[in-house]
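Here is a two-chain model, taken apart by questions. Each reply sets a value against its cut-off and then concludes.

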Amino acid sequence: MSEKVFEILSTAILEGDSETSAAITQQGLDEGISAEDLLNNGLLLGMEEVGVRFKAGDMFVPEVLMSAESMASGMTLLRPILADAGVQMAGTIVMGTVKGDLHDIGKNLVSMMCEGAGFEIVNIGFNVAPDEFIKAIKENQPEIIGMSAMLTTTMRSMGHTIKAIEEAGLRDQVKIMVGGAPVDQEFADRIGADGYGANAPASSNLAKQLVGLS
Amino acid sequence: MQVKKTNYLVNNTPTFEVLSEEEIEAIYYAALTVLSETGVRIYNKEGYDLAGAHGATVEDVTDDSALVKIPPEMVDIALSTLPRKVVIYGADPSKYKMELFKNQIYFGAGSDTPFTIDPYTGDRRRAVYKDVKNFARLAEALPNLDFHMSLGIVQDSAVGTYDRWQYLAMLEGTNKPINITAVDKDGLKDQLEMAYIRIGGEKEWLKTPIFSLYIEPVSPLSHSVEVIDKLLFCADHRIPFVYTPCPLAGATSPTTLAGTAVQALTESLLGIVLSQLRRPGSPMIIGGLMSAMDMRTAIYSYGSPEMALLSAAYTQITKWLGVPEYETAGCSDAKMYDEQAAMEATMNIASAALIGGNMIHDVGYLEQGLTSSAEMMVAADEIIDMVKRILKGIPVNDDTKALHVINEIGPGGHYLAHDHTFERFKDGIWQPKLMDRQNFEGWEASGSKTHRQRVNEKVIEILDRDEEPKLDEKMYKELKRICELADEKYKDEELDLDMFV
């Protein structure tokens with residue numbers, strides 16, 4: 001019985017079918033299947049297959065994003081139950097493009113991939129000043145801060161933001177990951193970030209590593 | 001039959017078209033719909049107030065931006081004052097100038113790559129001042145490169161003022177026209193000051209402007225505060241500028257290429273309207289940089305056939321509008337100058353030249369615009385040379401049909417020793433410099449070198465040449481002082497650590 005639910009659920013994820021994903025997650029809960037089982041044997045199983053196929057070149061970014069969206073639609077139902085049950089989840093990421101920079105797409109891509117990996121995303125947009133990052137940390141208590149910059153001049157904002165987070169006494173509470181076309185590992189190290197994601201899939205893997213999930 | 005003329009001496013040029021006139025019109029009128037119904041977001045109060053004062057609808061005003069809807073008649077008025085021909089000169093105006101209109105083609109480098117490949121070691125690393133100067137020296141030496149851009153971001157200077165240092169490095173290397181970038185309005189102001197010094201004052205500048213400015217709005221349909229600041233400053237100071245959105249089909253614009261062209265044109269038209277409102281007659285060039293996202297890696301592909309196709313389509317649209325155009329070619333997604341780089345560059349150079357794009361930039365770009373390559377630049381010079389041979393076409397007239405020569409030689413015999421051959425072969429038969437056409441023994445005797453080795457040797461040969469400095473000591477010091485004053489002025493914005501090198 002539950003096997004069938006898991007199969008439909010993981011297929012819905014693979015096909016990027018958000019409606020089915022939400023409906024079947026709800027159906028599973030109604031039938032008494034545990035939220036943890038629905039997550040591990042349904043949603044995540046589907047996303048794992050998505051990861052395999054993407055890596056092999058059999059799936060493409062728009063398809064992966066649809067899958068991530070359908071994962072998120074199931075997670076919305078499961079998250080409160082899992083939290084109540086004290087199940088350790090991936091956690092929350094506050095994601096933003098730094099001050100002075102209007103480039104949005106890369107950060108959104110990373111957000112969606114991370115959502116697919118089970119994270120809750122608080123997307124605070126672009127042109128985000130250091131104090132807005134700090135405000136978002138206080139409000140959302142995220143595990144991770146993700147910062148994006150597309151220009152070498154705005155890369156400085158990443159350094160300024162990290163410094164501001166330090167000065168606000170919040171640096172120990174969050175892991176910080178950075179990315180964007182001109183950014184590299186060396187720069188991430190210099191400004192004291194905890195990690196650098198070279199692309200969206202690498203960033204979602206990095207996020208998992210930063211919270212000790214892989 | 002005379003089909004089409006380029007600035008290359010031609011009688012008869014092969015043509016390449018990707019849109020019909022009906023399709024061009026359909027795209028243009030669709031862009032007018034987007035501009036008036038969807039609108040564009042302008043993050044600049046001066047900018048949206050200017051549009052609002054002349055009939056645009058300004059809605060949804062936030063702390064830092066507004067949604068601006070421009071009615072078609074404002075575009076008509078703007079187009080009526082927009083110059084159809086823009087001329088940009090080199091620091092030596094008697095030697096170098098670009099006359100941008102219609103089918104005139106000019107090739108030049110791309111700009112502001114964070115990384116470069118060191119031609120001496122082959123290593124990929126952050127670009128520094130010396131690299132930018134060296135690329136400018138290559139541009140000066142290569143005959144098929146007509147203008148230049150900074151092939152590398154200077155990253156051994158202060159970060160917020162790198163634009164001034166880059167311009168200085170380029171002025172040290174070349175007297176050809178330069179398409180600069182600027183961090184913001186102040187960066188532009190400083191570089192204009194530098195240009196005045198270089199050319200001998202504002203009066204000289206107005207006669208022979210020696211740079212244009214590259215301005216890039218952010219797709220979809222967003223125009224940042226710096227972008228509009230720069231545009232208005234350019235209009236005020238008669239600085240020709242390139243207004244080129246860089247939409248990415250499937251990501252920052254519709255995945256269908258027609259939709260991407262509509263959106264890009266909408267973004268450019270906003271630039272046209274604002275510049276002409278600020279000062280009718282302001283010279284500008286509209287872009288030409290569109291591609292499709294690679295759906296596996298999510299990169300902005302610089303070697304895709306879609307980029308060549310979109311650039312070609314945009315060129316046709318701009319010709320129909322009568323606006324000088326900014327094209328893209330000579331670039332690739334390869335990580336080094338290799339077979340992929342040569343294939344992609346050949347394809348996009350050929351299509352850009354055949355369609356007749358005016359200011360064709362990004363020669364020397366690798367790795368989707370993140371890395372510059374001297375080898376790519378030198379090899380592209382020869383690719384352009386080959387393509388220009390094709391553009392010359394096959395003139396057909398009594399002399400070229402050569403019936404009298406055929407009759408004279410008759411069956412059997414040969415043409416090698418004939419005057420007709422002797423007098424015309426240099427013009428009619430293209431001669432390679434870097435391609436090898438020897439037989440195996442000849443190639444082996446000259447060192448069995450691959451194309452890449454020969455290209456690298458050419459790079460090194462140019463870079464190792466002794467050259468007279470382009471700037472005398474006094475002028476160099478004056479220019480450098482502007483860079484140093486800017487560093488001092490903005491030092492508080494820098495991080496208290498070395499960001500790059």
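## Values against definitions

Q: How many helices and strands are there in chain B?
A: Chain B has 18 helices and 19 strands. The model is a predicted one. Helices here are DSSP runs of at least four residues, strands of at least two.

Q: What makes the radius of gyration of chain B agree with a compact globule?
A: The radius is set against the globule rule, 2.2 Å times the number of residues to the power 0.38. With 501 residues, a compact globule would come out near 23 Å, and chain B has 24 Å, so the two agree. Along the principal axes, the C-alpha atoms of chain B fill a box of roughly 85 × 55 × 50 Å.

Q: What are the elements of chain A, and in which order do they run?
A: Chain A has nine helices and five strands. From the N terminus on, the order is α-α-α-α-β-α-β-α-β-α-β-α-β-α.

Q: What share of each chain counts as buried?
A: The cut-off is 20 or more other C-beta atoms within 10 Å. In chain A, 53% of the 214 residues count as buried. In chain B, buried residues make up 53% of the 501 residues.

Q: Why is A:Glu63 called partly exposed?
A: Buried needs 20 or more other C-beta atoms within 10 Å, exposed 12 or fewer. A:Glu63 has 17, and is therefore partly exposed. A:Glu63 is found in helix α4 of chain A. A:Glu63 and A:Val50 are 13 residues apart in sequence, and their C-alpha atoms are 8.9 Å apart in space.

Q: Why are α1(A) and α4(A) called oblique to each other?
A: The axes of α1 (residues 2-15) and α4 (residues 61-84) of chain A cross at roughly 140 degrees. Roughly antiparallel needs an angle over 145, and roughly perpendicular covers 65 to 115. The pair is therefore oblique. The two axes come within 6 Å.

Q: Which residues of α1(A) and α4(A) meet?
A: A:Ala12, A:Ile13 and A:Leu14 in α1(A) meet A:Ser67, A:Ser70 and A:Met71 in α4(A). By class, the contact has four nonpolar, two polar and no charged residues.

Q: How do you know which strands are the edges of the seven-stranded sheet in chain B?
A: The order is β6-β17-β16-β14-β12-β10-β9 (chain B), with parallel pairing, and the sheet is open. β6 (106-109) and β9 (178-180) of chain B each pair on one side only, as edge strands. Neighbouring strands are turned by 30 degrees against each other on average, direction ignored.

Q: Over how many bridges do β10 and β12 of chain B pair?
A: They pair over three bridges, in the parallel sense. B:Leu213 stands opposite B:Phe241 in β12(B).

Q: Which strands does helix α10 of chain B lie across?
A: Helix α10 (residues 305-321) lies across β14 (284-287) and β16 (325-328) of chain B. The helix runs at about 170 degrees to β16(B).

Q: What is the pairing in the sheet β8-β7-β19-β18 of chain B?
A: The pairing is mixed, in an open sheet of four strands. The edge strands are β8 (124-126) and β18 (365-366) of chain B. β7 (residues 115-117) of chain B pairs with β8(B) in the antiparallel sense, over three bridges. B:Phe115 stands opposite B:Arg126 in β8(B).

Q: How many residues does each chain bring to the contact?
A: Chain B brings 21 residues and chain A 19 residues. The chain B side has 12 nonpolar, six polar and three charged residues.

Methods
Residues numbered from 1 in each chain as written. Chains lettered and ligands numbered in written order. Predicted model: local features only at pLDDT ≥ 70, side-chain atom pairs only at ≥ 80, totals over all residues. Contact = placed C-beta atoms within 7 Å. Nonpolar A, V, L, I, M, F, W, Y, C, P; charged D, E, K, R; others polar. Pairing = 2+ DSSP bridges. Axes fitted to C-alpha atoms, helices over the stretch in contact; angles between N-to-C directions. Parallel < 35°, antiparallel > 145°, perpendicular 65-115°, else oblique.
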